[in-house]
Amino acid sequence: MHKVLALVFVGALFVSNAFSFQKVLQTNGFEVVLESQKNFVSGKNDFTIQVKSNNKALKVENLSVRFIMPEMPGMPKMVEKAEITPHDSIYKGVVYFPHGGTWQIRVGFSSDKKDYQAKGSIDF
Ligand SMILES: [Cu+2]
């Protein structure tokens, strides 16, 4: 039941075309598409992530999304791992940021038994 509701929810997001944030990362011919209804903020963030090949969203294995801020004066390195829930080939992510700034994005996944990592960054 929860899965059905979640699918309807994610579907509704697409139908209403409500994404105001989109970031596309590239790796080895894959496009990793991060989307959210609002720009990332400190605190809780909900987003969706899709791994596409030839414009088709794929089901992948071991999808992980981490946001990293390198060590800075007076602040240790921070790694915030997103909680990922698959809904067919759309993955729903939740991440909490302690504060804004520039965060490196690392998206890892496996497809056909090979491991890939896409990199990017966001600023808020
Ligand atoms: Cu920090």
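Visitor: Which residue forms a salt bridge with K59?

Guide: A salt bridge is read from a distance (a side-chain nitrogen of Lys or Arg within 4 Å of a carboxyl oxygen of Asp or Glu), and here D88 pairs with K59, their closest N and O atoms being 3.3 Å apart. This pair links distant parts of the chain, since D88 sits in the loop between β7 (83-87) and β8, while K59 sits in the loop between β4 (56-58) and β5, 29 residues apart. The model is predicted, so local features need pLDDT of at least 70 and side-chain atom pairs pLDDT 80 or more, whereas totals for chains, interfaces and linings use all residues. Residues are numbered from 1 along each chain as its sequence is written, and side-chain values use heavy atoms, without hydrogens and water.

Visitor: How many salt bridges does a search of the whole structure find?

Guide: The search finds 2, and one of them joins K92 to D46 at 3.7 Å, N to O. K92 lies in strand β8 and D46 in strand β3 (residues 43-53), 46 residues apart; strands are DSSP runs of E, at least two residues, numbered from the N terminus.

Visitor: Is K59 buried or exposed?

Guide: With a relative accessible area of 60%, K59 is exposed, whereas D88, at 46%, is partly exposed (buried is under 20%, exposed over 50%, partly exposed in between, with a 1.4 Å probe and protein chains only).

Visitor: Which residues coordinate the copper ion?

Guide: M69, M75 and M78 each coordinate it through SD, and H99 through NE2, at 2.2 to 2.6 Å. M69 lies in strand β5 (residues 61-69) and H99 in the loop between β8 (90-97) and β9 (102-111), so this pair ties together parts 30 residues apart in sequence. M69 counts as buried, at 2% relative accessibility.

Methods:
Donors = N, O, S within 2.8 Å, 3.2 Å for Na, K, Ca; no water. Helix = DSSP H or I, 4+ residues; strand = E, 2+ residues; numbered from the N terminus.
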